[in-house]
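I opened my notebook to look up how this chain packs.

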Amino acid sequence: MKRSFDVLVVGAGAAGLAAAERLSRAGLSVVVLEARSRAGGRIFTRRVRGWPLPIELGAEFVHGRSDEVFKIAREAGLLIDRLPDSYLQRTTSGFRSQHDLRTRFDAVTREMRTNGRDRSIAEFLRSRRRMSPAEKRLAGGMMEGYHAAVLERASEHAFSTRGEPPLSPEDRMQFRVVSGYDGIIDRLRSHLDPKRCPILFSAAVERIRWRRGSVEAATARGNFRARHAIVTVPVGVLQPGPGGKPGIELDPDPPDQRRALESMEMGQVVRVVVLFRRSFWEETEAVERLRAREPENSEVAFVHAWDAPFPTWWTAAPAQVPMITGWAGGPAATTLQHLSKEQIIDQALETLGSLFDLPAPRLRRLLVAGHVHDWSADPWARGAYSYETVGGASAPDVLARPVAGTLYFAGEATDRRQSGTVPGAIASGHRAARQILD
Ligand SMILES: Cc1cc2nc3c(=O)[nH]c(=O)nc-3n(C[C@H](O)[C@H](O)[C@H](O)COP(=O)(O)OP(=O)(O)OC[C@H]3O[C@@H](n4cnc5c(N)ncnc54)[C@H](O)[C@@H]3O)c2cc1C
């Protein structure tokens, strides 16, 4: 097969495919080198017989009305649902509606500083003497849960939203690609002409040797050459792994980008998707009591119990199916990571039992099956998604800079505005393609 191209793209996730699509449309010859035997990377949709909906083991939500995702979804005719804006908090006495949860979290991130000495989020929270313990718990829970960050290490400057325009109702909306997030990947792939832009699977890149105007990638399927390379692998793969070696050796190692990589971390997440025989949560006394008290805010969509082993849960609402997802991010994930799949499902049943006041054996009888994917043990991800540690707020921008007009980095971690997301990954792929074409 051909071994020499205009551009090598490393990784067939959202960023890599978005970049390849733009470049091949512009007439460049491109090869996409992918370590796995599938495309999509951290978009990992499974379809299992007997399950009413596709199972998302990676990305699931579209946060806000993202142009990147909606445009592709519209072209591909994908089914998108808007999620109910309903957040319930489990308290000792039952459920309380928290419909203003995102506004309250936004109010906290607006208080974070963007200049002066950078601090950890934990230090920032300790410094807010007038903030109530409940508000601190909420902010900590959101940082750990949604951003998968460790409070003692995450950067205040990076997470600050100070000075940004207020959150519009559109920004607060959340959506789900009900027909499966992989529809976005399939659509991006459908634009690639296999002759001008082949994707090589099971082609893990081990080393990229480069000099101005020339790159050579050593892979499990031989060596490939090009004038440019776009590296879209997760930052975890570029950082030293268990044996102290990064997943890809860059030769020479670009010093600014290496420093940027050192100031980022992969957040850890454990998620479990469980199917029951019926949606038992709809029938529990705690939910009925809430419905009697607050009928307009009592849809069971998202449920939080910040101190539980799985602090966050969501149902498939608005779809009425007996599927529920448990989510542990940051330190909660680290506690669960070493457990087997069966132990994780047991832990999920325990947590659901205490959330909804039901004995775990009863839930076990209602259980059909559960699915888990261990992203931290996944050698092509080494975690869920990136965040900046103290002093690292500029790291995404540094990574987004071209290196000698030859080496480019893309992927969620390189998009400061939307890091950790699919839209961020797609936007970064487009940005890298633009940099090459310009
Ligand atoms: C559990 C979980 C839940 C998430 N939930 C959401 C969500 O609800 N909404 C949202 O917007 N985002 C979510 N995300 C984040 C989102 O999935 C990512 O931000 C996005 O998919 C990243 O795309 P990417 O192209 O940057 O990276 P990836 O998708 O990781 O693509 C990089 C590719 O590089 C490949 N690769 C790695 N190493 C090598 C190598 N040595 N050689 C060749 N190829 C290699 C990988 O196999 C992968 O295919 C979630 C992520 C996880 C893990």
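I checked burial first: 46% of the 438 residues of the chain count as buried. A residue is buried if 20 or more other C-beta atoms lie within 10 Å of its own, exposed if 12 or fewer, and partly exposed in between, with C-beta atoms placed from the backbone.

I noted that this is a predicted model, where local features need pLDDT of at least 70, side-chain atom pairs count only at pLDDT 80 or more, and totals for chains, interfaces and linings use all residues. Residues are numbered from 1 along each chain as its sequence is written.

At least three residues come from each of domain 1 (4-43 + 181-265 + 382-437) and domain 2 (86-172 + 269-336 + 338-373). These bounds come from an automatic or database domain assignment.

I followed Ala229. Beyond its neighbours within four places in sequence, Ala229 is in contact with Leu8, Val10, Ile208, Trp210, Val215, Ala217 and Leu407. Contact means C-beta atoms, placed from the backbone, within 7 Å.

Then I turned to helix H10 (residues 255-262), where Gln257, Ala260 and Leu261 are buried. Helices (H or I, at least four residues) and strands (E, at least two) are DSSP runs, numbered from the N terminus. What covers these buried residues includes helix H9 (235-238) and strand S22 (407-409). On the other side of H10, I found Pro255 and Asp256 exposed.

Note on methods:
Two residues are in contact if their C-beta atoms, placed from the backbone, lie within 7 Å.
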